[in-house]
Structure formats: C-alpha cells, structure tokens
Amino acid sequence: RPKAPPRAAIPEPDAANTALRAFGALKHDAPSFEPFDPVATENTAVVLKEVKLPHAEQTHEVVYEPQTRCVFVSQMSNSVLVRIPVSSTSGLLLDDQDAWRVADEKAGLHNVSLSYKHPGCLWLSLQFANTLLLVEARTMRVRSVLRVPTHLPKVNDEPARRIGGPHAVRECPKTGDVWVALKGAVSCHPGAPEPDQAFTGTRRVREAVKRNCCSAAALRDHMAAMAAHGYDSPPPDGFAIWRVSVDAYDPEKPANGGTVYPCAASPPMMTVDAENHCWVALDQTPALLRIDAATGVKTQIPVSLPPSFTLQMTGPAIASGPDGGVWCTLLGGHAALARVDPATRKVAIYELGGPAWAKALRLIHLTFAVVAGRRTMYALASDLLDEDGVNAIVGVEFCKDWQTITGRRVLPLPTQDCSCHRVAVVQEGLGADDASIVVTEMASSKLLQVKIRHLTATTPVKMVSTVDGDQTLVTLEDLEEDAGCRC
C-alpha cells in the first residue's frame, strides 16, 4: 500500500515559544501545544469507492469469486454479466471491467452465485429462458446447461400448474445439490398497499411495476420472446423449489431428474443450513418454508409480524448465519429481521432501530463476515418500495454466539434514490485490512465498495427481549456514546 511521503521535521513548539517569550518577542506566556498522533488514537476515515457499471435499467446480483479475485454483477434488464477484478495489494476494485450479454437481451440474467462443488465456477440463471448455466469464472466456458421443469402435475385437489422463472440458485456446500427458486411470473415487489395506509411507497411501487422483473405483462413478453428462440418458457402460474444434482440432471425424466416442491407465493431466495436442509423466504406470505433434505418433507413455519409492519411477508433475503441460525430480512418493517433456530424452529423478530435521521430502513439483503475477530452482519436498507426509505448499509456487531448484539452502525450510501439491492463480502485471499463489502445500486448502474476496517465504530446497544408464546421480539436500546463519536 502506498505510504505518505515523510514530513519535514517540525521544531518542538513549546521550547520555541518559551525562547520567544524569554527574548521579549511575546508579551505573555504562550499556551502549551501538546503533540499526539491522530492515527494512533482514532479510526481511519471511511473510504468509499463507487464504480460506474455499463448502463442498465436494473443492476441486480453481486458475488465475489476468490479464485479469479473478481466481483461479478448481473444486470437483468438487458441480460448482462459484468466482471471487475480486485487489486491484490489494496483490495480495491480496479478501474477495469469485462462484460458479456448472455443469451439474449430478454433472457433475464438474474442469479450469480458460487459453486462449491466446482471451485472457480458460477451459477447463472436466465429467468425468462428457464435456464441455469454453470460457467467457469475465468474463461466463461460453460460446464453445464440445465433447463428447469415447467410443469407441475395435478396432485390430489391441487390443479396442474406451469412453473418456472428461476430467480435464485443456491448450491449446498456439502452435497453439491442445487436448489432453485422458481418464482414464476409475479412481480419482484410483494404488492402495493392501499393509499391511505402508513406505507409511503406508492411512487416506488409505480416505478417497480414498470420493470421487466416486476411487470407481469413484461414477464410474459420476455418469456414469449425466449420461447421463439427455442426455450421452454411458458408463462408460469405456480411457484416451486427445484432440487437437482448436476450428475442426475436428465431433461427426459420427471422434474428433469430432480425433485419439485410446490410452495406458496412466492420464493425470492433460499438458503441451505448446516444440516443441508433448505429454508425459503416467501415474499407474499408471512411464513418461512423448510424442506427436509433427507425426507423431502415440507414445513411452513408461520412468522407473526408486528402490526406496525406494512407488508405481511418474509424476505426477500434469507441466509444461514455462522452459528447455524437462519436469518431473513423483513422488508415491511423498520430495520427488521427474523431469526429461526433450526433445531427448535422457534422464531425471534429483531427490530434494530436506527438514528433519528433514518426515517425508514427497509432491509432487503444481508450477509455475514468475521474480520480481525469482529463478528458482523451487514444488512442492506433500500428505498426500492418506499421513497422515505434510506439506502444504507446497516452493520450489526455480535458476540461469539451470533445472537447477542453489541453495536449498530448505519452508513448511508453516497448515491440515494438508487434502490440498492444486494451486498456481498470481498475477503477470501485478502488481508484483514483489505477486506470489503460491495453493494449493487439497482437504479443507478453503480457498484459501491467500502473497506470493512473503516466500519468498526458502532453505536453501543443493549438488547431487550419480550417473549410472546413461541416467538420472541428483540429490540435494541441505544446506550450513551462518547461525544463526537456518533455513528
């Protein structure tokens, strides 16, 4: 890392001032000037780097691939994949990009995530083409092409359904099984409230329904366009999770060689827990879905949301924490999350609060990092559906148990009105000083990077828990901060 040039030696001021007083140059004694080194006593400044991406109406997913030491970003509106290398000496994004249009501009490139069974490879989803791609991150050579099943047979009283629209892909790190959220032809936003409700996102919802990921008409148009190119992409009217292994995939077999699990509307994301079970957020239902990896049994776990919440849903983000707990964002709340203990399946609602200037912190995504011994969740607040919402990184500091919160930091993004969308950690293969987080800005075609070592200062907090039946509500009480240290 470049070092600052050495400064010229400065004479010790107190001795010089004392001499000036002795010679009569000063008519009064000068006050003392006691030197200290700010670097030794204060945290370094927060340094942000904002990278302009190729212009697109929608910039969606982001992932860091450590073998290539590159960040990959999907732009769904024109099906573009962007690759940005990370400096090995500073950890910062380099001013260099590669980009590819994948399949067709209407193919709907959305998911970009890591493969653990195939290191150095990425899973991509073409949502409007009902297609998954396993590609080498370095060369873009395609290892596998998987077509998702598009027919759900009639079962008991449930009618046959068309399914599809692969929105998210997660590979189990232990088994290599691939779990796919077939979100169908529904909006990426969970619905608009009535105008007289407290939720203020009417302008945001009007904007949302114009996006090709949120407009039912645009979804049908894009799927029809991909069908004309030979893809099996009928507009879906159902929702499901598809589980498959690459080796077992066979388009001639039922469920294309995998298993389809019908689910409620609608699955935006899922995660795999430490026991390989799949957990699914449902963005139009106040519940979480658990799929047992061994038996295939589905269990819908209700999540009782406070009456102040503007949307009765879970997610859209869901992730497994380092301790095995399953966390999900609650977009309808203010700085709200849910945590489920996979063993007991008990739910805790966390309301993180925030500074007075943050009118609404609508959490849309989250990730975890342990850097230099500090355990932190980085949640992303977005104005995607709420014009009063602040686009911000919400850092939550934990004790070793990953349940006890000790501090909170809310860092607003420099570009507001950007509908920030996803957050990822850039750490593997880099030193602690060079680890960072990156954030996609959906509506501004930008990627923001913040060094983690610049986010260590937090507002100290005390947890307050209230038990209501099988569910717990956790709120945070801000403790007194030192003057001049507000964060």
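**Structural briefing**

The structure holds zero disulfides, a disulfide being a pair of cysteine sulfur atoms within 2.5 Å. The model is a predicted one, in which local features need pLDDT of at least 70 and side-chain atom pairs count only at pLDDT 80 or more, whereas totals for chains, interfaces and linings use all residues. Residues are numbered from 1 along each chain as its sequence is written, and side-chain values use heavy atoms, with hydrogens and water left out.

**Cysteines**

- A disulfide is a covalent bond between the sulfur atoms of two cysteines.
- Cys263 has its closest cysteine sulfur in Cys278, and the 9.6 Å between the two sulfurs is too far for a bond.
- Cys263 is buried, with a relative accessible area of 14%; buried means under 20% relative accessible area, exposed over 50%, and partly exposed in between (1.4 Å probe, protein chains only).
- Cys399, at a relative accessible area of 32%, is partly exposed.

- Strand E13 covers residues 178–182, and five of its five residues are buried; helices (H or I, at least four residues) and strands (E, at least two) are DSSP runs, numbered from the N terminus.
- In a regular strand the side chains alternate between the two faces of the sheet.
- In E13, Val178, Val180 and Leu182 point one way and Trp179 and Ala181 the other way, and all are buried.
- E13 pairs with strand E12 (residues 166–171) in the antiparallel sense over five bridges; two strands pair if DSSP finds at least two bridges between them.
- Val180 in E13 is the bridge partner of Val169.
- Six residues lie between the strands in the hairpin of E12 and E13, where Gly176 takes a positive phi near 80°.
- E13 is also joined by five bridges to strand E14 (residues 240–244), and the two run antiparallel; here Ala240 in E14 is the bridge partner of Leu182.

**Backbone geometry in the loops**

- Most residues other than glycine have a negative phi, and most peptide bonds are trans.
- The peptide bond joining Ala265 and Ser266 is cis, with omega about -25°; Ser266 is placed in the loop between strand E15 (259–262) and strand E16 (270–272).
- A cis peptide bond also runs from Gly315 to Pro316, with omega near 15°, and Pro316 is in the loop between strand E19 (298–302) and strand E20 (318–320).
- Trp402 is not a glycine but has a positive phi of about 60°; this residue lies in the loop between strand E26 (392–398) and strand E27 (405–412) and is buried, with a relative accessible area of 5%.
- Ser419 has a positive phi near 50°, lies in the loop between E27 and strand E28 (420–426), and counts as buried at 2% relative accessibility.

**The largest pocket**

- A pocket is defined on a 1 Å grid over the protein atoms alone, as an open set of points where a 1.4 Å probe fits, with protein on both sides within 12 Å along at least five of seven lines; lining residues have an atom within 4 Å of a point.
- The largest pocket has a volume of about 1,200 Å³, a volume being the space filled by probe spheres set on the points, which are joined across faces, edges and corners.
- Its lining comprises 44 residues, of which Val63, Leu114, Tyr116, Arg170 and Thr367 lie nearest the centre of the pocket.
- Elements giving two or more residues to this lining include E12, E16, E20 and E28, and E24 gives the most, with six residues.

**Salt bridges**

- The whole structure has 18 salt bridges, each a side-chain nitrogen of Lys or Arg within 4 Å of a carboxyl oxygen of Asp or Glu.
- Arg422 and Glu61 meet through their side chains in a salt bridge of 2.7 Å, N to O. The pair links distant parts of the chain, with Arg422 in strand E28 and Glu61 in the loop between strand E1 (48–52) and E2, 361 residues apart.
- Arg422 is buried at a relative accessible area of 4%, and Glu61 counts as buried at 6% relative accessibility.
- Glu136, Arg141 and Arg143 are linked in a network of salt bridges.
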